[in-house]
Amino acid sequence: MLTKIQVARLDEIDRLGARTVTIGDREVAIFRLSDGTVRALENRCPHKAGRLSEGMVCGAAVHCPLHDWKIDLNSGQVREPDHGQVTVYETEIDEKDGAIYISL
């Protein structure tokens with residue numbers, strides 16, 4: 001069963017910005033894309049555990065700040081020629097108050 005948790009408000013994250021939240025033993029990176037959509041990923045690159053929240057968002061990918069691995073923000077899949085995967089969390093925005101929720 002999924003649990004929906006409020007993690008931020010839309011106005012707290014700049015476009016192309018990120019925020020980190022810790023839920024239990026999970027560190028989650030929340031990204032706001034240029035079109036205003038929000039994505040949430042495990043905040044750990046599968047290569048050398050770089051903090052993805054510190055990476056640059058480019059289109060629908062975040063570039064790991066350590067070695068520039070590109071991780072797709074929709075699927076969590078590392079783009080070729082590298083390989084790996086990070087956990088993606090479903091996001092929802094409350095249109096009335098801008099609250100951002102993720103499902104665990």
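Cys58 is partly exposed, with a relative accessible area of 47%. The model shown here is predicted. Which cysteine sulfur is closest to that of Cys58? The answer is the sulfur of Cys64, 15 Å away. That is too far for a bond.

Cys64 sits in another setting. Its relative accessible area is 4%, so Cys64 is buried. The closest cysteine sulfur to that of Cys64 belongs to Cys45, at 3.8 Å. Again the gap is too far for a bond, because a disulfide needs the two sulfur atoms within 2.5 Å. How many disulfides does a search of the whole structure find? The search returns 0.

## The annotated domain

A domain record covers much of the ground discussed below. The unreviewed UniProt entry carries the annotation "domain: Rieske" for residues 5–102.

## A sheet of six strands

The model has an open sheet of 6 strands. In what order do the strands lie? They run E1-E9-E8-E4-E3-E2, and the pairing is antiparallel. Two strands form the edges: E1, residues 4–9, and E2, residues 18–23. Each of these edge strands pairs on one side only. On average, neighbouring strands of the sheet are turned by 30° against each other, with direction ignored. In general, strands of a sheet pair through backbone hydrogen bonds, either parallel or antiparallel.

Strand E3 spans residues 26–32, and strand E4 spans residues 38–42. How many bridges join E3 to E4? There are 5, and the two strands run antiparallel. Val28 has Glu42 in E4 as its bridge partner. Phe31 stands opposite Arg39, also in E4. Together E3 and E4 make a hairpin, with 5 residues between them. Gly36 lies in the turn and has a positive phi of about 90°.

E4 also joins E8. Here 2 bridges link the strands, which run antiparallel. Leu41 is found opposite Val88 in E8.

## Ser53, a buried loop residue

Where is Ser53? The residue is in the loop between E4 and strand E5, which covers residues 56–58. Is Ser53 buried or exposed? Ser53 has a relative accessible area of 15%, so the residue is buried, because buried means under 20%.

Ser53 touches Ala18, Thr20, Ala29, Phe31 and Asn43, not counting residues up to four places away in sequence. With Thr20 there is also a polar contact: the two side chains are joined at 3.0 Å. Phe31, another residue that Ser53 touches, is the one that stands opposite Arg39 in E4.

## The loop between E6 and E7

His67 lies in the loop between E6 and E7. The residue is partly exposed, at 45% relative accessible area. Which residues is His67 in contact with, leaving aside its neighbours within four places in sequence? They are His47 and Lys48. His67 and His47 are 20 residues apart in sequence. In space, their C-alpha atoms are 8.5 Å apart. A polar contact of 3.3 Å joins their side chains.

Asp68 is in the loop between E6, residues 61–63, and E7 as well. At 38% relative accessibility, Asp68 is partly exposed.

## Backbone exceptions

Most residues other than glycine have a negative phi, and most peptide bonds are trans. This model has some departures. Asp68 has a positive phi, near 65°. Leu16 has a phi near 65° too, a positive value in a residue other than glycine. Where is Leu16 placed? Leu16 is in the loop between E1 and E2. With a relative accessible area of 46%, Leu16 is partly exposed.

Which form does the peptide bond from Glu80 to Pro81 take, cis or trans? The bond is cis, with omega near 15°. Pro81 lies in the loop between strand E7, residues 70–72, and strand E8, residues 88–93.

Terms used. Residues numbered from 1 in each chain as written. Predicted model: local features only at pLDDT ≥ 70, side-chain atom pairs only at ≥ 80, totals over all residues. Heavy atoms only, no water. Buried < 20%, exposed > 50% of the residue type's maximum accessible area, 1.4 Å probe, protein only. Pairing = 2+ DSSP bridges. Helix = DSSP H or I, 4+ residues; strand = E, 2+ residues; numbered from the N terminus. Axes fitted to C-alpha atoms, helices over the stretch in contact; angles between N-to-C directions. Contact = heavy atoms within 4.5 Å. Polar contact = N/O pair within 3.5 Å; in protein donor to acceptor, adjacent residues only side chain to side chain. UniProt positions renumbered as here; feature names shortened; annotations may be inferred.
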